[in-house]
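This report describes the contacts between the chains of a model. The sequence and structure are shown first.

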Amino acid sequence: MNEQTLEIPGTIPADAANPVEPFLRMDRMPHIWCPACGIGTTVNCFTRALIESHANLDKVAIVSGIGCTGRVAGYANLDSFHTTHGRAIPFATGLKLANPELQVVVYSGDGDLFAIGGNHFIHAARRNMDLKVICVNNLTYAMTGGQTAPTTPSKVISATSPYGVFEPAFNLVALAEAAGASYVARWTTFHVKQLSRSMEEVLHKKGFCFIEVISPCPTLYQRRNKMGDGLDTMKYYKQASKIRNGARTTECDMTKSGEIVVGKFVDRERPGYFELLNSQMTETLGDRYAEPEVMCEQC
Amino acid sequence: MAKGFVAINVERCKGCGFCVEFCPTRVLTLSSAFNTKGYHPPNVLAAEKCSGCDLCGMYCPDFAIFGARYAR
Amino acid sequence: MHADPKGVLTGVHFLDGDHACCEGTLAAGARFAAGYPITPSTEVVERFASRIPTVGGVFIQMEDELAASITIQGAVWGGAKAFTVTSGPGFSLMMEHIGYAAMTETPCVFVNVQRGGPSTGLPTLPAQADMMQARWGSHGDYGIIALCPNSPQECFDLAITAFNLSEEFRVPVMLMLDECVGHMTEKVIIPDAATIDVYPRRFTHLPPGEFRLFEPREDKVPDMVRAGDGYRFHVTGLTHDERGYPSMNVETQSRSVTRLLEKLEPLAGERALSETADLEDAEVVVVSYGITSRVAQRAIDMARQQGVRAGKFRIISAWPFPEQHIAALAPRVRAMVVPELNLGQMVREVERAVAGKCKVTLVPHAGGTVHNPEVILKAILEAAQ
């Protein structure tokens, strides 16, 4: 036990340890995220999901893009890749195709995945590439100072919309469903139990899975819009969220301070990439088809 | 006798208040003391109410607190 | 290590450069390619798409070059030998990821079948105007290796060399064809797999916990690893230390980024690949590469017939630039003539290496077709005066 714990009544067992620590590169703590940023909360949920799903951690790879959420890869004690802005998904595609035994998780932010990375998101969903995409949506480009993102709701003040956003914002869950995702869910950082369960579900599900997590960015998004601090935002999530499993994703738009529809919206079966590849090749090539053996030899 | 316990890493805490707010049995309160970074870490107010549910641990963005059930 | 026979189409073939290049990648052990179609490079991946399902591997056509150039890197970290193929406009799109490969020391191959530029340019016609871009196209200080084949046979041979060098130096390698070499059809001899040397990926022998992904060996190159083997490694494009952890400070920048260039130094010297002839008594040396070297050969022959002692220095590894060879040659000759299918790119490197010790004459060509050998001959004759 760390000697920095407070003296508290009741004993702490000598072997007590924070269950999240084995999943983190503890030699890199403390992390860079702001007070009350929700990203760390999502990491706790992801850790619980990994534990509950009995995942072989040697076979879980995590790929992030650039941004605050993109830093998750650097803290995760897994084979982890901090790639270029918007391109976590194609990198993850290559990783998965080279070694299909890997469980490949893409963990990145809304700007990274849906602005610069938008094209790659829709194609991976179209292909039903076996990737688990966790998008922490703080409705802004946080790392660079809180600029307008495609998810920033109308009327919100941002660093590049000082007079208020007027562009319509993307509805990420509708986009994911339309592009072909096999699993689509949205939670907020308030919904830690449900989020963990969703993450656990996708670790068991084959195909392109998408989980959107609405998260506070108190330093930039909430502060500029005088929405209080992180705790105020969590209380807003609690009060404004309506769990509607199976809701129509097109009716789940995010607004500046309105209702937040959360839940699991899509859970369907679509043929996987390798299934389609192998079946097509076998049909046309018959015996001549050689199943992919992509990895090069160890010497 | 409490069913669970909570352990707090004082120096990691950034005083966000999530654990205090969302503990279902109101075990915690925000301390008036400071850690070396100037944040108010949580304090255990009512240890006997702790069920060890670890909701505090799940909420904490800084991995600064966790709860666990006492082994039977 | 010898080539895996599954990928080697042993025999005497009649192939164009693009097709021969594809066979070279298969012989080298590439079992993953991602691409996006662009003239005049598309045939390389079209053939790969056709061949790989019976060899055993994956081809995926990605949605753009931005994706293709990083998908191959994901595949490399998954344990594959991988490459992508493009031409000018696609090469420009790939620049960020070439820099990422250089920074993360990801061994992979980028094939650029050069065409007229800039911008959309001349999609079906040759040029050699991406040579500087191959070296400097991405931001920041980094190094790459670039090879220039001048025949379909060399497209095959140098594709293997490209993979071998990428594994040896843990660096992205640019295979710089041009539309002429890519679309010309010639005899290509593909030997037995047992006679083809393939450089194996230098996977570490250290156990997890001890291995550091960016800790260099004595040759300044670190060992490799792949995902799924329990190493729990981290790869980032941020300036990183030997563990691969972001370490954004002056000291790490100086140490780590400098090494990216230093590890390639042997290729600027004794490891440089080139083909020379008639240098012993040469008064004028024609320095060329790619398709232009074949036209230059005609000009050299014509010059010799006219009594001018012309010699040949054909650049095969263009980057790192073979500066030691050129610098050693300069004081021994009167002039170097540099014909290239651009308005002056590699000539600058020649001038730099020569450092004034002999005359350097550029024979430029904006692109679209090859030089007329008479033009190169004229330059040789003038330089000899």
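## Chains A and C

In this predicted model, Asp58(A) and Arg232(C) are joined through their side chains by a salt bridge with an N to O distance of 3.0 Å (a salt bridge being a side-chain nitrogen of Lys or Arg within 4 Å of a carboxyl oxygen of Asp or Glu). Between chain C and chain A there are 4 salt bridges. The interface also holds 24 residue pairs in polar contact, both residues at pLDDT 80 or more; a polar contact is a pair of N or O atoms within 3.5 Å, where within protein one must be able to donate a hydrogen and the other to accept it, and residues adjacent in sequence count only if both atoms are side-chain atoms.

On the side of chain C that touches chain A, two or more residues come from each of α2 (42-55), β3 (58-61), α3 (65-77), α5 (95-104) and β10 (234-236) of chain C. Helices (H or I, at least four residues) and strands (E, at least two) are DSSP runs, numbered from the N terminus. The most is given by α3(C), with 8 residues.

Contact, defined as heavy atoms within 4.5 Å, involves 52 residues of chain C and 48 residues of chain A. The buried area is about 4,200 Å², with 58% from carbon and sulfur atoms; buried area is the accessible area (1.4 Å probe) that two parts lose on being put together, summed over both. Glu63(C), Arg232(C) and Tyr245(C) supply 17% of the area that chain C buries against chain A, more than any other three residues.

## Chains A and B

About 3,000 Å² is buried between chain A and chain B, 66% of it on carbon and sulfur atoms. This interface has 3 salt bridges. Arg48(A) forms a salt bridge with Asp54(B), with the closest N and O atoms 2.7 Å apart.

## Arrangement of the chains

Of the 2 pairs of chains that touch, chains A and C have the most contacts. Chain B and chain C share no contact, and their closest C-alpha atoms are 19 Å apart.

## Conventions

Residues are numbered from 1 along each chain as its sequence is written, and chains are lettered from A and ligands numbered from 1 in the order in which they are written. Local features of this predicted model need pLDDT of at least 70, side-chain atom pairs count only at pLDDT 80 or more, and totals for chains, interfaces and linings use all residues, while side-chain values use heavy atoms, with hydrogens and water left out.
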